[in-house]
Amino acid sequence: MRHNPHHAVTDANVVRQLVRESPWGILVSHNGSELVASHYPILLDDETDELAILTHVGRPDETTLALGEREVLLIVQGRHHGYISPSWYAAGETRAPTWNFSAAHCYGVPQILDEEANLAVLAKLVEHFERHVEHPTLLDPDWARPVARGTVGIRLPITRFVCKVKMSQDKSPQTQRQVIAALRAPGANRNPDLADEMTRALHLDNTG
């Protein structure tokens, strides 16, 4: 990602928050001959203070991605992002259109989990998402064990990351409020969730 000091974030807790709010990541690797990528649900490893991710891949993605052999890139993107029109800016502001978003590029060498640890991660993933369902269906170990053999569990310790939260921090307070108001107004670019995200990032009150 292009560096901009207005948007750069070095706090690992912001990365954790991105994972919690948008637990869907892209694993990118070079397997020695080509760049490859796969999309999978992700969770934080909450049993350690270390920034680490738990996930799994379906076979044969572990060989396609050459997991465990070299560093991989995990891309996590915030749930709310969208187009920002320069017509929303205060008079005198630079008139370039842009896109507001949040994202983290996380790097590390994956640790391949054994069969039991993989099964535990799969159970944790299912529980994490099923707890929001009216009648949760948790993973039955007897049913899941043979199915899990078609997957490979991964723990990815994050050794470094680049995080960017771009929410108009480089704009004037007047423009920030006008952009938030425009995102909440009816129209093709209405995006109240992004307006709320900007309000949080800019430490504004809820009136925008």
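Which residues is Ser168 in contact with, leaving aside its neighbours within four places in sequence? They are Asn100, Gln176, Met198 and Leu202, where contact means heavy atoms within 4.5 Å. This is a predicted model, in which local features need pLDDT of at least 70 and side-chain atom pairs count only at pLDDT 80 or more, while totals for chains, interfaces and linings use all residues. Residues are numbered from 1 along each chain as its sequence is written, and side-chain values use heavy atoms, with hydrogens and water left out.

**Overall build**

- The protein has 6 helices and 11 strands; these are DSSP runs numbered from the N terminus, with helices being H or I of at least four residues and strands E of at least two.
- Its C-alpha trace spans about 60 × 45 × 30 Å along the principal axes.
- Of the 208 residues in the protein, 46% are buried, where buried means under 20% relative accessible area, exposed over 50% and partly exposed in between, with a 1.4 Å probe and protein chains only.
- Among contacts with a separation of 6 or more, 73% come from residues 24 or more positions apart.

**Ser168**

- Ser168 sits in the loop between strand S11 (160-166) and helix H5 (173-184).
- Ser168 counts as buried because its relative accessible area is 4%.
- Its side chain makes a polar contact with the side chain of Asn100 at 3.0 Å. A polar contact is a pair of N or O atoms within 3.5 Å; within protein, one must be able to donate a hydrogen and the other to accept it, and residues adjacent in sequence count only if both atoms are side-chain atoms.

**Pockets**

- The largest pocket holds about 380 Å³ of space. On a 1 Å grid over the protein atoms alone, a pocket is an open set of points with protein on both sides within 12 Å along at least five of seven lines, a cavity is a set where a 1.4 Å probe fits but cannot get out, and lining residues have an atom within 4 Å of a point.
- Grid points are joined across faces, edges and corners, and a volume is the space filled by probe spheres set on the points.
- The largest pocket has 19 lining residues, with Leu43, Leu44, Asp46, His128 and Arg131 nearest its centre.
- Helix H1 (12-21), strand S4 (43-44) and helix H3 (115-130) are the elements that give two or more residues to this lining, and H3 gives the most, with 4 residues.
- By class, the lining of the largest pocket has 8 nonpolar, 3 polar and 8 charged residues. Here Ala, Val, Leu, Ile, Met, Phe, Trp, Tyr, Cys and Pro count as nonpolar, Asp, Glu, Lys and Arg as charged, and the others, Gly among them, as polar.
- The second largest pocket has a volume of about 270 Å³, and its lining divides into 4 nonpolar, 5 polar and 2 charged residues.
- H1 provides the largest share of the lining of the second largest pocket, 4 residues; H1 and helix H6 (192-201) each supply at least two.
- Residues lining the second largest pocket include Leu18, Ser102, Glu197 and His203.

**Cavity**

- There is 1 cavity of 30 Å³ or more, and the largest cavity contains about 40 Å³ of space.
- Leu18, Glu21, Gly78, Arg79, His80, Ser102 and Glu197 line the largest cavity, a set with 1 nonpolar, 3 polar and 3 charged residues.

- The largest nonpolar core has 38 residues, of which Ile53, Val57, Leu74, Leu156 and Leu183 touch the most other members. Such a core is a set of buried Ala, Val, Leu, Ile, Met, Phe, Trp, Tyr and Cys residues joined through side-chain atoms within 4.5 Å.
- Beyond four places in sequence, the contacts of Val57 include Leu27, Tyr40, Leu65 and Ile154.
- Val76, in strand S6 (residues 72-77), counts as buried because its relative accessibility is 0%.
- Leaving aside neighbours within four places in sequence, Val76 is in contact with Leu18, Val19, Ser22, Ile42, Ser102, Ala103 and Ala104.
- Val76 and Leu27 are 49 residues apart in sequence and 9.2 Å apart in space, C-alpha to C-alpha.

**Helix H6**

- Leu194, Ala195, Glu197, Met198 and Thr199 are the buried residues of H6, and they pack against H1, strand S7 (82-84), strand S8 (98-108) and H5.
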